Amino acid sequence: MFLNTEPGSHILLESVDSTNRWLLDHSLPSGTVCSARVQTAGRGQRGRAWLAPQGGALLMSALLSYSIEQIPGDLQLMPVLAGVALRDVVQARLSGPDRLALKWPNDLVLQRHQSNGKLAGVLIESITDSQK
């Protein structure tokens, strides 16, 4: 494991239950990114599991901390905005006939010929200091 607790640092774990949970369980600065080669108990939408064998997915979480004054007005739009932004950034880098779509609100789906495959999912969790 590479552990650097400077803001904007990257922590790489061999195996972890959940990159989101790992970040929330440690006192790390905003901007810290955690990735893992294997995730054993990741969480998706509506309580679904997000599991991936080694090399099967990019497993990554980023910790962003804000004071109450910095929080955008409507946090409920954050997952949708993140999904749209991810789609736009990745689509701009694709070449050929492949196309990306959003499986609303925030799963990125690669449309290739006549088959679709989930390329990414965005899970946004918010907690307050009182919930830690």
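Buried residues, meaning those under 20% relative accessible area as found with a 1.4 Å probe and protein chains only (exposed is over 50%, and partly exposed lies in between), make up 25% of the 132 residues in the protein. This is a predicted model, in which local features need pLDDT of at least 70 and side-chain atom pairs count only at pLDDT 80 or more, while totals for chains, interfaces and linings use all residues. Residues are numbered from 1 along each chain as its sequence is written, and side-chain values use heavy atoms, with hydrogens and water left out.

The accessible surface of the protein, computed by the Shrake-Rupley method with a 1.4 Å probe, comes to about 9100 Å², and 54% of this area belongs to carbon and sulfur atoms. The protein has 2 helices and 7 strands, where helices (H or I, at least four residues) and strands (E, at least two) are DSSP runs numbered from the N terminus. Read along the sequence, these elements follow the pattern β-α-β-β-β-α-β-β-β. If contact is taken to mean heavy atoms within 4.5 Å, then among the contacts between residues at least 6 apart in sequence, 35% join residues at least 24 apart.

Strand β1 (residues 10-16) pairs with β2 in the parallel sense over 6 bridges, pairing being assigned if DSSP finds at least two bridges between two strands. Within this pair, Val 16 stands opposite Gln 39 of β2. Between the two strands the chain crosses through helix α1 (residues 19-25), and this β-α-β crossover is right-handed, which means that, with the strands pointing away from the viewer, the path from the first strand over the helix to the second runs clockwise.

Ser 35 is placed in strand β2, which spans residues 33-43, and at 8% relative accessibility Ser 35 counts as buried. Leaving out residues up to four places away in sequence, Ser 35 touches His 10, Ile 11, Leu 12, Leu 13, Thr 19, Leu 59 and Met 60. Ala 41 is also found in strand β2, but Ala 41 is partly exposed, with a relative accessible area of 39%. Beyond its neighbours within four places in sequence, Ala 41 is in contact with Val 16, Asp 17, Ser 18 and Leu 51. Ala 41 and Arg 21 are 20 residues apart in sequence, and their C-alpha atoms are 9.5 Å apart in space.

In soluble globular proteins, nonpolar side chains tend to be buried together. A nonpolar core is here a set of buried Ala, Val, Leu, Ile, Met, Phe, Trp, Tyr and Cys residues joined through side-chain atoms within 4.5 Å. The largest such core has 9 residues in all, namely Ile 11, Leu 13, Val 16, Trp 22, Leu 23, Leu 28, Cys 34, Ala 36 and Leu 63. The elements giving two or more residues to this core are β1, α1 and β2, and the largest share, 3 residues, comes from β1. A second, separate core of 5 residues includes Leu 100, Leu 102, Leu 108 and Ala 120.

An open sheet of 3 strands has the order β5-β6-β7, with antiparallel pairing, and its edge strands, β5 (99-103) and β7 (115-121), each pair on one side only. The twist averages 35° from one strand to the next, angles running from 0 to 180 degrees between the N-to-C directions of axes, which are lines fitted to C-alpha atoms, for helices over the stretch in contact. β5 is joined by 5 bridges to the antiparallel strand β6 (residues 107-112), and the two form a hairpin with 3 residues between them. In β6, Leu 108 is the bridge partner of Leu 102, and Val 109 is that of Ala 101.

β6 and β7 pair in the antiparallel sense over 6 bridges, with Gly 117 of β7 as the bridge partner of Leu 110. This second hairpin has 2 residues between its strands, and His 113 in the turn has a positive phi of about 55°. Asp 107, which lies in strand β6, is buried, with a relative accessible area of 16%. Residues up to four places away in sequence aside, Asp 107 touches Ala 101, Leu 102, Lys 118, Ala 120 and Gly 121. Helix α2 (residues 78-91) lies across β5, β6 and β7, running at about 170° to β5.
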